[in-house]
Amino acid sequence: MTTLARVASPAFPYLLLPSLWSSRNRARRREQGDLTRALLFGAIALLVAGAIFWGAYWVTGQLADYAELGDYLIRLGLSWLFLTFLSFLAFSSIVTSLSTFFLSDDLRLLLAAPVASRRLFHARFARTVGHASWMVVVFITPILAGVGVARGAPPSFYLTGLLTIVPFVMIPVALGSMITLGLVNVFPARRARDILMLMGLVFATSIVLLLRFIQPERLLRVESMPEVTDFFATLQSPITPMLPSFWAGETLFASLQGGWDPVHASALWTTALAMVAVAASLFDRWHFAGFSKAQEARKARFVQWRLLDRTVALLPLSTVRRQLLVKDLKVFLRDVSQWSQLLLLLALVLVYLYNFRVLDLERIPSMSGFLKNVYAFLNLGMAGFVMATVAVRFVFPMVSAEGAAFWIIRSAPISLRDFLWSKFWTGLVPVLLLSECLTVAGNQLLGVDPFLQRVAAIAIVFMSFALVGLATGLGARYPRFAADNPSQVAGSYGGVAFMILAVLFVLVTIVLVGWPSSVYLLQQFRRTPLTAARQALMVGSFAVAALVSVATFWFGMRTGVQALEEMDRTPS
Amino acid sequence: MIAVADLVKRYGGFTAVDGVSLDVQPGQIHGFLGPNGAGKTTTIRMIAGLLKPTSGRIAVNGHDLATAPEAAKASLGFIPDRPFIYEKLTAGEFLRFHGGLYGIEEAATGERIREMLDLFELARWRDELVESFSHGMKQRLVMAGAFLHRPRAVLVDEPMVGLDPRGARLIKDVFRKMADRGVAILMSTHTLEVAEEMCDLVSIILKGRIIASGTVDDLRRLAGAADEQLTPLFLRLTGGSGLQEIDEVL
């Protein structure tokens, strides 16, 4: 009896120990390349945090010149900053709650143990707060520090910052937990996650499209001053003072001026505590029913994609490659978390092309011809960066996507070279089509010189091979077979290394292709013939650009095949 | 059919497999026994080509796994202890994909897939996603894949984990019939009844080394216990049962 009493008595932080110990053990584990990884990520994190701090510091400093209007804008800015984070937290807390409250593997252990429901709730709630809000905290800290330093805020401002952020993140997480509780009791947990991911992406896509199509650049024109005042008027919506983001902004603004706003601070804390209490009582009532439902296997609904089978059967591929391709495509198309990302990509492509359509270069008639051709290179560079982004999100994780099922490939009589090449072709075709369409359509909309159009179209072919080869190879060199989703793989050390190399490659290519093209354009402009030496140099520059692409492609695929062949352990 | 000579696997300073040699003949079921952490799975995974040996030689159907891995793997079927497969494929698609990896033309796969699904009692689940399968069903699907390409040798790591009595009986019958048709089977297990019932030869591994090998009768003679079941024999050979200590603790 005494033993049982001892087990049941620890408070809820005891249930957080496995997470803490796991983090500690991960931090203690030393593996080859850890130092390089830590230095690389540390440097990037410092750079980003420094840039955010500097941005906040600079903007606050500039606004200080406008006295009362400056203060008003800082106050408004803080409120809108918190509103942005509030919407992010509201969505991420629902997705995180699904995982922490219903889908985590350790829940079976905890629910089978004599743990009081309320303790389990508090432990899981604390974990959800941590998972859902760490990114917000990481971003908001340098912003508040920048604002505070620029305004010479007292130390109490930073303490108020801490005391504001804690209840501010608790409110959406408590709300998210309650929504999740309701959703899981209506839908199966895994289906609910898919629905939420899709809803989130549709939401993000709509925001991107909306922001672009309302044409914010109109606000920069002198004749549109009335629109600017309208714009500020919309920021003062009657619902804003009812939101925690407004209370957080007000509390911090008062503190920034050396004062104290007990009304809004109290509103934050009492709402947070009340919401947690309500969520806890709902958890007591509905969690077990929802968890139980989440365990029940439902007959999954899915698309057979028989047309895909028939189409791929027509391709001139070996049996092995055909089956690898069919498998990769079906796994991709049946996983909502993977294909739904295409929605966002589609929105970005639309915005990209729309930008070229509305570009008003005729406003400067004397320069329009020259500017169009400069934009052609901008278009090429942008297509390169789009390619790199698409490659890191869709091509780089392709080897990792085999996951624990990689034993099937490793124990099969196929060479790992064939396997990697199959991944390469699967990635190349869509990337090449997308970037070629972007470049050709963009240049057509601009009315760029035909010579430049041809150069850009050929450059894109080379760049696609290089970037897809590099992404495939580095994806095999730095796989993350245990990752939950492809985004985790893209954000890993290998993904960041790929992005750095890809950006360098795009810049070098633009320079090598841009120089001879600009020489050609200048000669066209001056209507003078090109000398033989100039022509030789131009051809040389194009050739070096092609060589750089081939070398990047070759390096990527070679390192990937080598890494797979040297791989000591296979996940299973 | 499966020839392993002086196989060694080291992880840093720890030697998981230390000079293991095995020879599994066609038509033979060879049981690979040992306590947890003895090196059974590591050995099996090296033979399957999933782990790189530190040293030693592995040959399947006369093909060296190091120099001709594809030829060696083409003769081999592998059944891991945990059946991780592509969750977003149906059972039929998984088997078609598996057949493709072994170079079986699609026209020839259809009938064979149907046979395998019937044999492993999965026919009615052919068009269902693997993610909706139970552990036992996934295990049977992996076995269907392993036998799909008519392998000459089969590696099985803990075959009975997660199977119900009917599934276990089915698997035992399938393995016996495959062996009767000349397939060499190397099977790791710590279910001693399974080894006793099914295996023609047994090797016992402890701390990475094979400490005894032969028929069950050979092992009885070795341990000087003529009538003993395999369980007490195994406990004696691998370092005692610890029953005394259990009594004290309880």
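Two residues are taken to be in contact if their C-beta atoms, placed from the backbone, lie within 7 Å, and angles between elements run from 0 to 180 degrees between N-to-C directions. The model discussed here is predicted.

Chain B comprises ten helices and ten strands, and its C-alpha trace spans about 60 × 45 × 35 Å along the principal axes. For 250 residues a compact globule would have a radius of gyration near 18 Å, and the 19 Å of chain B agrees with that expectation. Of these 250 residues, 47% count as buried. Among the contacts of chain B with a separation of 6 or more, 69% are between residues 24 or more positions apart.

Turning to the sheet, four strands of chain B are arranged in the order E2-E1-E4-E5, forming an open sheet with antiparallel pairing. Strand E2 (14-24) and strand E5 (63-64) of chain B stand at the edges, and because each has a single partner strand, one side of each is left without a neighbour in the sheet. In general, strands of a sheet pair through backbone hydrogen bonds, either parallel or antiparallel. Strand E1 (residues 2-11) and strand E4 (residues 55-60) of chain B run antiparallel and are joined by five bridges; Ala3(B), for instance, has Ala59(B) in E4(B) as its bridge partner.

Across this sheet lies a helix: H1 of chain B, made up of residues 40-47, lies across E1, E2 and E4 of chain B, and its direction is at about 120 degrees to that of E1(B).

Terms used
Residues are numbered from 1 along each chain as its sequence is written. Chains are lettered from A and ligands numbered from 1 in the order in which they are written. This is a predicted model: local features need pLDDT of at least 70, side-chain atom pairs count only at pLDDT 80 or more; totals for chains, interfaces and linings use all residues. Helices (H or I, at least four residues) and strands (E, at least two) are DSSP runs, numbered from the N terminus. The radius of gyration is taken over C-alpha atoms; the globule rule is 2.2 Å times the number of residues to the power 0.38. A residue is buried if 20 or more other C-beta atoms lie within 10 Å of its own, exposed if 12 or fewer, and partly exposed in between; C-beta atoms are placed from the backbone. Two strands pair if DSSP finds at least two bridges between them.
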